[in-house]
Amino acid sequence: MGLLTIIRKARLKERQVRVLMLGLDNAGKTTICKAILGEDVDEVSPTLGFNIRTILHRGFNLNVWDIGGQTSLRPYWRNYFEQTDAVIWVVDSSDRARMEDCRRELHELLQEERLMGASLLVFANKQDIASAMTSEEISVALDLPALTSSHHWSIQPCSARFSLVSSPPSTSPSEPLLSPTTSTTSTATPSPSALPRKGADPRIMLGLDWVVGEVGSRVYYGSQNQAQALAPVSEAKA
């Protein structure tokens, strides 16, 4: 039995996924975490340091490090890079003026050696705002295709304040999860095991589906497919 196999078996028992949730200030990182956990999203204070939230999703424990995005805090992001499995980059889709800053920070971040190979999910947040850019526009603005050689990535439109919107956005394939670095794209409603919590945008849950599928197939199962990575713990095989 090879060392890699032993490591995968050890991690399989824990099913722990370390996630960094980053982005510019006011992008909606903390609001997304609160929405997933079914907490009140009506009033959310800026994150001045970091929050650690544990999210159980499809049998995986996602340990999410929600770190403040203010300019003064960004130099400290590097203190949290160790053993990161996935980066969730949250974008304020309505903040067109800072989209170039967003692109620059993201690309500089992913040049960090400790994040090489980490899966990248981009949440195009605040889709409930009329002036919001589409996920396709944001993909171009952030130059995501340039990251294909170093990171598997997907971009998912969403609204962290979905439960407060009078006319919730559709989950139809008109705004699918865009993932050119994987062979499957999910536009279906999440399964019962991953139903939204208390009105959380179902598209956020689809994004988490992609994270556990991508990290599970890469870290836990090697070359085996994503379907096995998403299988219940009792059915998973090393």
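**Entry 1: a bridge in the sheet**

I began with R18 and looked for its bridge partner in β3, which is N63. Strand β1 (residues 16–22) and strand β3 (residues 60–67) run parallel, and six bridges join them. A note for myself: strands (E, at least two residues) and helices (H or I, at least four) are DSSP runs, numbered from the N terminus. Two strands count as paired if DSSP finds at least two bridges between them.

Before going on, I noted that this is a predicted model, in which local features need pLDDT of at least 70 and side-chain atom pairs count only at pLDDT 80 or more, while totals for chains, interfaces and linings use all residues. Residues are numbered from 1 along each chain as its sequence is written, and side-chain values use heavy atoms, with hydrogens and water left out.

**Entry 2: the whole sheet**

Next I followed the strand order, which reads β2-β3-β1-β4-β5-β6 in an open sheet of six strands with mixed pairing. At the edges I found β2 (50–57) and β6 (153–157), each pairing on one side only. From one strand to the next, the twist averages 20°. For angles, axes are lines fitted to C-alpha atoms, for helices over the stretch in contact, and the angles run from 0 to 180 degrees between N-to-C directions.

Helix α2 (residues 29–36) touches β1, β2, β3, β4 (86–92) and β5 (119–125), and its direction makes about 150° with that of β3. Helix α3 (residues 99–109) packs on the sheet too, touching β1, β4 and β5, at about 170° to the direction of β4.

**Entry 3: two threonines from the record**

Which residues does UniProt list for "binding site"? An unreviewed entry gives T30 and T47. UniProt positions are in the numbering used here, feature names are shortened, and annotations may be inferred rather than shown by experiment.

I found T30 in helix α2 and T47 in the loop between α2 and β2. T30 counts as buried because its relative accessibility is 11%; T47 is also buried, at 11%. My scale here is buried under 20% relative accessible area, exposed over 50% and partly exposed in between (1.4 Å probe, protein chains only).

Leaving out neighbours within four places in sequence, T30 is in contact with V44, T47, N51 and D66. With residues up to four places away left out, T47 touches T30, D66, G68, Q70 and L73.

**Entry 4: charged pairs**

I then turned to salt bridges, meaning a side-chain nitrogen of Lys or Arg within 4 Å of a carboxyl oxygen of Asp or Glu. The count comes to 14.

One of them joins D209 and R58, at 2.7 Å from N to O. This pair links distant parts of the chain, 151 residues apart: D209 sits in helix α5 (residues 202–220) and R58 in the loop between β2 and β3. Are these two buried or exposed? D209 is buried at 10%, and R58 is buried at 17%.

Two others sit within single helices. In helix α3, R103 and E100 are three residues apart, about one turn, and their closest N and O atoms are 2.7 Å apart. In helix α5, R218 and E214 are four residues apart, with 3.8 Å between the closest N and O atoms. E214 is buried at 3%, whereas R218 is partly exposed at 31%.

Last, I noted a network of salt bridges linking D25, R74, D95, R98 and E105.

How values were computed. Contact = heavy atoms within 4.5 Å.
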